[in-house]
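Trainee: I would like to learn how to read the features of a structure such as this one. Could you take me through it slowly, giving the general idea before each case?

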Amino acid sequence: MDYGAKYIRWAPFAKENPELDGKLPSYDTPVSLGALNKVSENPTFNEAKGYGDNVLKVHVVKFKEAVISVEVTEIPRDSMSAVSGSEIETGSHKNMWFGANDKPPYGGMGFYVNMLLDDGRDVCRGIFYPKLKAMLQGNEYNTNGDNISLATGKLQFTAATCKIGKWRCYSEDFDTEEAAQAWVDGMFDGTSSDIGKEPLAEGETT
């Protein structure tokens, strides 16, 4: 059972050749999306059924996309701009503008969860989405009346399959949060997965 989640990071695709055959996407420098409160995912599938002799003969289910909803205590402005494609003024004012022509970039996103296993072990497990794009949501702003309402920062992403056909990754179970954090970081620089890495030839060294 999971009981916590933290260390959410996002990075845009690399500017040149981000998706090569047989490899996971390559990314630019990751940024923090804030202190993680909650992540909800809702995958959808294309489905087809074929019947013959009055019974089901063929049932095809193919992943279509997944809506990933993220809530954090506060989204850093620079991260919001990077994820959404919005513009921050560079002069004496630092206003952030959202426009009709904003183009949210594709990127990858990862975090880890705390879990208690049936055997009593307390572990961490990383979760990574190799290809997704942000869809900005509307906000609600409340005045301070009889009660104080705390509102989280919200982001919504659409996850798709990357070029190798994968849309989500679970890590192995780690005994420490430091190891889980290193796994998340390694998914952005390619050190946490063997996908796309050619085996060394006999006598060859790294």
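**Reading the loop, the rings and the cores**

Mentor: Let us begin with D53, which is found in the loop between strand 3 and strand 4, where helices (H or I, at least four residues) and strands (E, at least two) are DSSP runs, numbered from the N terminus. This is a predicted model, in which local features need pLDDT of at least 70 and side-chain atom pairs count only at pLDDT 80 or more, while totals for chains, interfaces and linings use all residues. Residues are numbered from 1 along each chain as its sequence is written, and side-chain values use heavy atoms, with hydrogens and water left out.

Trainee: What is phi of D53 near?

Mentor: Most residues other than glycine have a negative phi. Phi of D53, however, is near 50°, a positive value in a residue other than glycine, and N54, which has its place in the loop between strand 3 and strand 4, likewise has a positive phi, near 70°.

Trainee: Is N54 buried or exposed?

Mentor: Buried means under 20% relative accessible area, exposed over 50%, and partly exposed in between (1.4 Å probe, protein chains only). N54 counts as exposed because its relative accessibility is 79%, and D53 is exposed as well, with a relative accessible area of 72%.

Trainee: How many aromatic pairs are there?

Mentor: A pair of aromatic rings is described by the distance of the centres and the angle of the planes. Rings of Phe, Tyr and Trp (its six-membered ring) pair if their centres lie within 6.5 Å, and planes under 30 degrees apart count as stacked, over 60 as edge-to-face and the rest as tilted. By this rule the count is nine aromatic pairs. One of them joins F45 and F63 edge-to-face, at 5.9 Å centre to centre and with 75° between the planes. This pair links distant parts of the chain, since F45 belongs to strand 3 (residues 36-52) and F63 to strand 4 (residues 55-72), 18 residues apart. F45 itself is partly exposed, with a relative accessible area of 46%.

Trainee: Which residues form one aromatic cluster?

Mentor: The cluster is made up of F13, Y27, Y106, F128 and F188. A charge sits over a ring if NZ of Lys or CZ of Arg is within 6 Å of the ring centre and within 35 degrees of the ring normal. By that rule K133 lies over the face of Y106, at 4.3 Å from the ring centre, and R9 lies over the face of Y7, at 3.7 Å.

Trainee: Which residues have the most contacts inside the largest nonpolar core?

Mentor: A nonpolar core is a set of buried Ala, Val, Leu, Ile, Met, Phe, Trp, Tyr and Cys residues joined through side-chain atoms within 4.5 Å. The largest such core has 25 residues, and V70, M109 and F157 have the most contacts inside it. Among the elements that give two or more residues to this core are helix 1 (77-84) and strand 9 (153-159), and strand 8 gives the most, with five residues. Apart from this core lies another, of 13 residues, among them A11, Y112, W183 and F188.

Trainee: Where is S193 found?

Mentor: S193 is found in the segment after helix 2 (177-189), and S193 counts as buried because its relative accessibility is 16%. Contact means heavy atoms within 4.5 Å, and, leaving aside neighbours within four places in sequence, S193 is in contact with L24 and M187.
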